[in-house]
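Thanks for coming, everyone. Let me put today's model on the screen, and then we will walk through it.

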Protein chains: 2
Amino acid sequence: MAKRRVETMEENRAKLIVAARKAFAEKGYSAASMDELTAEVGLTRGALYHNFGDKRGLLAAVVDQIDSEMALRAQEIGVRAGDDWKGLLAEGAAYIEMALVPEVQRIVLLDGPAVLGDPSKWPSQSSCLQATRRTVERLIAQKALKPVDAEAAARLLSGAALNAALWVAASDDPQHVLPKAIYTFHALAGGLLTKPA
Amino acid sequence: MAKRRVETMEENRAKLIVAARKAFAEKGYSAASMDELTAEVGLTRGALYHNFGDKRGLLAAVVDQIDSEMALRAQEIGVRAGDDWKGLLAEGAAYIEMALVPEVQRIVLLDGPAVLGDPSKWPSQSSCLQATRRTVERLIAQKALKPVDAEAAARLLSGAALNAALWVAASDDPQHVLPKAIYTFHALAGGLLTKPA
DNA sequence: TAGCCGACATACGCGCCGTATGTCAAATTA
DNA sequence: TAATTTGACATACGGCGCGTATGTCGGCTA
């Protein structure tokens, strides 16, 4: 075999993160057992504490990964919709839809903030938040948006979007209320426009 | 003495809730020990499990209480500012400021949703949410707001407000960013107006 | 190839939760 | 008022999960 040490370490880290995404998503952070989790991938807690420090460290790594994936995907959708006002709306809608995925909801929106604190203190500092802030800054520079504080706007927009998603997901008929959520989000975001549509 | 049984029971329930508010606020839900908590008010876990079923039940009771207090206070501030558009803005600002209180943040905004699930499934069904929904419904009936879904609007507004509060609280200089948050909230909410100011 | 280093396994102690059982005062009935 | 019941709460028990300290075996370096 003669496997490199760093290779196997990377592999094990990856395996643990994969298992953690599943366990945290299905059982929630506190109910997820580290013994079970590690055993599922043929390891023990020793590997976990060596690689991630503690249970929170593993959660941080998972959150970081999911958050990055989300930001990337939302930005793709955003730029595809245009580098103007349409782009911001599409980005917001993308966040709402991504937040419907149980994994995202449970880990990033519920347990993440509760266990790790404010997203701005995450290792990724919330890529999602930063991405929308940059978009807002660009639109303000283009005079398309009112000269509000970009950070504040990003927070409010993402907060609205993510909370809307929680509502949609908790409703009886998600596919029916989703358009309402997106429509209302559009209306709300329109408040930032310098010249209303 | 000759105390009534129901009296002492009410007293004990109240004492436990008071202690729980403090413990949950200071240590967070998972780190709060039920043994310590009950001992502080001269009881044991027996009383707790008899009155509230389990740890989550106690949290639910605490969340319910705080949520009710918040809704009451916000509505007071809202009607004082007027039964029109101004009232909704004042209500939103009130939520932002209340969410700065560590107790509210930790218990209602972070641990509450993570442990108890979506606010719509809480015993109080989130009085805050219901209050702003009613306000929005009234304003829509007055044609002051666009005919959006009231539930959706309430969710988005409260989500924006509460997330803004988390941002303000996590910032280095809360008193400096608070006005930015409120200003941006006003701008955002303006998107719902039929005729922009 | 000999020795070291580090990634991971093993073993231990502690705290905490939930439940099953016990107890004693207040409430009820005659 | 005395006997009986009720139920609010205390006590005792079992189990699980986390974090840490210590052991081990394979790759890495000289």
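**Two domains, two chains**

Chain A is divided into domain 1, residues 1-53, and domain 2, residues 63-192. Keep in mind that this is a predicted model.

What is chain A made of? It has nine helices and zero strands. Read from the N terminus on, the elements go α-α-α-α-α-α-α-α-α. For scale, the C-alpha trace of chain A spans about 65 × 40 × 30 Å along its principal axes.

**Inside chain A**

Start with the two domains. Their centres, taken over C-alpha atoms, are separated by 29 Å in chain A. How many residues are in contact between domain 1 and domain 2 of chain A? Six residues of domain 1 touch eight residues of domain 2.

Now the area. Domain 1 and domain 2 of chain A bury about 670 Å² between them. Of that, 57% is on carbon and sulfur atoms. On the domain 1 side, three residues lose the most area to domain 2: Arg21(A), Ala25(A) and Tyr29(A). Together they make up 75% of what that side buries.

Next, the polar side of the story. There are two salt bridges between domain 1 and domain 2 of chain A. Look at Arg21(A) again: its side chain meets that of Glu103(A) in a salt bridge, at 3.0 Å from N to O. By class, the side of domain 1 that touches domain 2 in chain A has four nonpolar residues, one polar and one charged.

**How the two chains are related**

Let's zoom out. What superposes chain A on chain B? A rotation of 180° does, with 0.0 Å of shift along its axis. The RMSD is 0.0 Å. The two copies are therefore related as by a two-fold rotation axis. The same surface serves both copies, as 100% of the contact residues of chain A recur in chain B.

Which residue of chain A comes closest to the rotation axis? That is Gly191(A), with its C-alpha at 1.7 Å.

**Where the chains meet**

Now the contact between the chains. Chain A gives 36 residues to it, and chain B gives 36 residues. Between them, chain A and chain B bury about 2900 Å². Carbon and sulfur atoms carry 71% of that area. In chain A, the residues that lose the most area to chain B are Leu156(A), Trp167(A) and Leu188(A). Those three together account for 24% of what that side buries.

In one salt bridge, the side chain of Lys180(A) meets that of Asp149(B), at 3.4 Å from N to O. Six residue pairs are in polar contact between chain A and chain B, again with both at pLDDT 80 or more.

Which helices of chain A supply at least two residues each to the side that touches chain B? They are helix H6 (102-116), helix H8 (150-170) and helix H9 (174-189). H8(A) gives the most to that side, with 15 residues. By class, the side of chain A that touches chain B divides into 22 nonpolar, seven polar and seven charged residues.

Conventions:
Residues are numbered from 1 along each chain as its sequence is written. Chains are lettered from A and ligands numbered from 1 in the order in which they are written. This is a predicted model: local features need pLDDT of at least 70, side-chain atom pairs count only at pLDDT 80 or more; totals for chains, interfaces and linings use all residues. Side-chain values use heavy atoms; hydrogens and water are left out. Domain bounds come from an automatic or database domain assignment. Contact means heavy atoms within 4.5 Å. Buried area is the accessible area (1.4 Å probe) that two parts lose on being put together, summed over both. A salt bridge is a side-chain nitrogen of Lys or Arg within 4 Å of a carboxyl oxygen of Asp or Glu. Ala, Val, Leu, Ile, Met, Phe, Trp, Tyr, Cys and Pro count as nonpolar, Asp, Glu, Lys and Arg as charged, and the others, Gly among them, as polar. Copies are superposed by least squares on the C-alpha atoms of residues with pLDDT of at least 70 in both. Helices (H or I, at least four residues) and strands (E, at least two) are DSSP runs, numbered from the N terminus. A polar contact is a pair of N or O atoms within 3.5 Å; within protein, one must be able to donate a hydrogen and the other to accept it, and residues adjacent in sequence count only if both atoms are side-chain atoms.
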